[in-house]
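User: Hi! Could you walk me through this structure in simple terms? I'm new to this.

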Amino acid sequence: MTAQLHLGVFYTGVGSQFLWDDPANAPHTEIETYVSVARTLERGLFDAFFLGEGLRVRENRGRVHALDVAGRPDAITQLSALAGATTKIGLVATQNTTYNYPADLARRLASLDFVSGGRAGWNIVTTDNAWTGANFRHGGWLEHERRYERATQFVEAAKALWAGNGPVEADTDLVRLRAEPTVPASAQGRPVLFQAGDSAGGRELAARHADVVFSANGAYDKAAAYAADLRERLARHGRSADSVRILPGTSVVLGDTPAEAAERAEEIRRRQINPQRAIAFLEQYWGQDLSAYDPHGPLPDIEPVEGELDPSRGTISIEHRTGKLERIRQWRDLAETKGLSIHELVLEVQPRHHSFIGTPGQVADEWARYARDRVVDGFNLSPHLVPGTIDDVVDRLVPQLQERGVYRTAYSGATLREHLELA
Amino acid sequence: MRSTAGSDYPWQKRAEGGTRMSSPQPRRTLHIAVELDGAHTEAARTDPRILAEAVTGAERAGFTFATFDDAPVPPGGGFRIDATVRAAYAATRTVRIGLAPVSHVLTAEPFHLAAQLASLDHATHGRAAWLVGAADTAEALATVGRPRPEDHRREVADVVETIRRLWDSWEDDAVIADVATGRYLDPDKVHHVDFTGETFSVKGPLITPRPPQGSLVVLAAEDLAEVVRPDIVLVGGTDAEDLRLRARQAAGSGAPLVFGELEVLLVPGAPADRPANGRARYTGSAAGLAELLGELSADLDGVRLHPAVPAADLPLLGREVLPELHRLGLHAPPEPGVTLRSTLGLARPENRFAAASKGIA
């Protein structure tokens, strides 16, 4: 049988990819919108609905970042509410291992798994920054290098509690607990474990413990290389290649013609990186107010403040935490050489996230190739419009995938583990 | 839909204020809550629908709100689903009943608790309450690898204060979605809370916008009332007289609403052994219970009933007791679309940050 694709939607709830200013959007934070999206996904026979996590509201120079959609529920609480309103869709909560207690989180996840009849998943993430830690009892206590060590011990404690074989104890410098299992096993035994980290530490954690990887490698060559690397790691841990599903995060832009799809994709990008966001982006690097500068004019002529980036964007990767002044020098050269305005420069230097752009038939052909070659097992889609993007995929792309025999025509199981065809 | 502005809340704080009537005539209303943890029977461990049926049954019966007991370490080593998860699961299956999970403060991150409870209030459009738990046994604290705090009452007060500040950290009109300026938020209306307590500090703001009720309805048992400053104090008593006496004392010390804890056993022939928890217990007919509740309403704003045999007692309460109280004009089921605060006659609290900036202006 042809390999089947598994689809999820990543409802991030914050960030610039979501076009909140589009009048066709449903109210993004209302429970009714979540329920209606989850039911649409069930109609589209999706495996899972994901909620993201960010434990500090993003800031721009010490004030709340005003330009992006923000404000979201606690994931497990919201998914429990969705469990009461849906019957098939998998419900995956992103939860980090740095600012949670293992027994408490294990219990809450198992509770979601129980009330949903075995449809829960846990997208395991780590956090190291002290800026997020300022919201928690111990502050920024964990060194960057040790975050996966903590995550591994945390996951092992959670799995031991879910196995239900008596008390679980740990007493290391990273994890300390003594707890009894308190929740009965669900219809799928325990929550399905998702792992997104792309670093070596993240890949090792995935190879040891994950059921699904939610990698960032959507482009064919990168996806193929990632799958090969992961399968090698799995073999080293004595796990079969089929014991983990690979669902990279990506997005989809559909059009009636290839040209129309490309045009829409470009328009979406220009709305995501709009002139105000371009100024805000440079403000992070300049470390000062640039609101007086015209986004359609040249780069600021004033000098940036010396210090490295304010970590308060909350999402700055390690490699971008240093080398700020050199980066700004490169941008100035680039803007001068190509004659770019602030907005044009930011459009040029902001990385393009991988996206599938085309007619429903084109995207379905492309996805069928990925499935046939087993470079991925499916995709986790980030919508830029809600419900627009989701309706588009369910109504236009799903039938094309079904025609090509790479997508289910009915749910055959009841649990998330069964949807994912995990052993 | 939800009401958010103060003007949408026709009920201000109960007209009688803190003064109590001395005559034994019944009060205008008696709110009736029910503890549903007992409904979490053996069968509910393998079938989540039984959880849902207990709550929808309580809603049909007309209860004001349902509570869900919880503990970091379940008594007797049994199973128990997290109470907030249970309440949230019931959120989308109900439209009028209030939902009040127990959450313990010493074994949790205050930030997570604030987000969980705020999310429950959003998912119910303002029908959520929180019964503050403060489990502090060595076994409970060991689940999170914490030693017992030196001053645990101080920490309870700190966690509750932090959570209230976090609920206020987004003003009601923080989301402006102003297409012209490209601003989704008004950054002047989303606040750091900068709480520093004895054992922890929290920066804020919360990740979740302000709960529809402003603050969830907060409940606490008598022994925590002083540190929690709840909207509803739950008082116990050895019998009806003791209950009334303690209710008068709690009201005298300034509790906005006082509820009595009452175990009920309506099933003929069921074992009549006294509950080990020292709660007053009523054993007898449904009509007799309705009569007793009528008497209690002189000193109590409400009761929380603990059915001794939930499978049998809950249907009887719904079929015979609540309709009788309704007939007497003592109790009315909550209305759909009305917040729990409104149903209880509690005012929606002003946002402390909005109030502060008004003061500056």
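User: Where is Glu421(A) found?

Analyst: Glu421(A) sits in the segment after α14 (416-419) of chain A. This is a predicted model, by the way. Glu421(A) has a positive phi of about 55°, although it is not a glycine.

User: Is Glu421(A) buried, exposed or partly exposed, and why?

Analyst: Glu421(A) is partly exposed, because 16 other C-beta atoms lie within 10 Å. A residue needs 20 or more to be buried, and 12 or fewer to be exposed.

User: What about Arg229(B), which has a positive phi too? Where is it found?

Analyst: Arg229(B) is in the loop between α6 and β10 of chain B. Its phi is about 50°, and it is not a glycine. With 17 other C-beta atoms within 10 Å, Arg229(B) counts as partly exposed.

User: Let's switch to cis peptide bonds. Which residues does the one in chain A join?

Analyst: That cis bond joins Val386(A) and Pro387(A), with omega about 5°. Pro387(A) lies in the loop between β14 (378-381) and α13 (388-403) of chain A. In chain B, the peptide bond from Gly204(B) to Pro205(B) is cis, with omega near -5°. Pro205(B) is in the loop between β8 (201-202) and β9 (217-221) of chain B.

User: How many helices and strands does chain B have?

Analyst: Chain B has 11 helices and 13 strands. Of its 361 residues, 54% count as buried.

User: Which residues touch the most other members of the largest nonpolar core?

Analyst: Those are Ala66(B), Val132(B) and Leu219(B), in a core of 231 residues. Leaving aside neighbours within four places in sequence, the contacts of Leu219(B) include Ala100(B), Trp130(B), Val132(B) and Ile232(B).

User: Now helices. Why does the span of α7 in chain B agree with what it should be?

Analyst: Helix α7 (residues 240-252) of chain B has 13 residues, and at 1.5 Å a residue they should span 18 Å; its end C-alpha atoms are 18 Å apart, so the two agree. The expected span is 1.5 Å times one less than the number of residues.

User: And which residues of α7(B) are buried?

Analyst: Leu243(B), Arg244(B), Arg246(B), Ala247(B), Ala250(B) and Ala251(B) are buried. The elements covering them include α6 (222-228), β11 (257-265) and α8 (286-296) of chain B. After α7(B) comes Gly254(B), with a positive phi near 100°.

User: At what angle do α1 and α9 of chain B pack?

Analyst: Helix α1 (residues 48-61) and helix α9 (residues 310-327) of chain B pack at about 10°, and their axes are 9 Å apart. That makes α1(B) roughly parallel to α9(B), because angles under 35 degrees count that way. Gly57(B), Ala58(B), Arg60(B) and Ala61(B) in α1(B) meet Leu314(B), Leu317(B), Gly318(B) and Leu322(B) in α9(B). By class, the residues of this contact are five nonpolar, two polar and one charged.

User: How many residues does each chain give to the contact between chains A and B?

Analyst: Chain B gives 54 residues and chain A gives 52. On the side of chain B that touches chain A, α3(B) gives the most, with eight residues. That side has 32 nonpolar, 14 polar and eight charged residues.

User: What is Val115(A) in contact with?

Analyst: Leaving aside neighbours within four places in sequence, its contacts include Ser80(A), Pro48(B), Leu51(B), Val85(B) and Tyr89(B). Val115(A) is in helix α3 (residues 102-115) of chain A. Val115(A) counts as buried because it has 28 C-beta neighbours inside 10 Å.

How values were computed. Residues numbered from 1 in each chain as written. Chains lettered and ligands numbered in written order. Predicted model: local features only at pLDDT ≥ 70, side-chain atom pairs only at ≥ 80, totals over all residues. Axes fitted to C-alpha atoms, helices over the stretch in contact; angles between N-to-C directions. Helix = DSSP H or I, 4+ residues; strand = E, 2+ residues; numbered from the N terminus. Parallel < 35°, antiparallel > 145°, perpendicular 65-115°, else oblique. Contact = placed C-beta atoms within 7 Å. Nonpolar A, V, L, I, M, F, W, Y, C, P; charged D, E, K, R; others polar. Core = buried A, V, L, I, M, F, W, Y, C linked by C-beta atoms within 7 Å.
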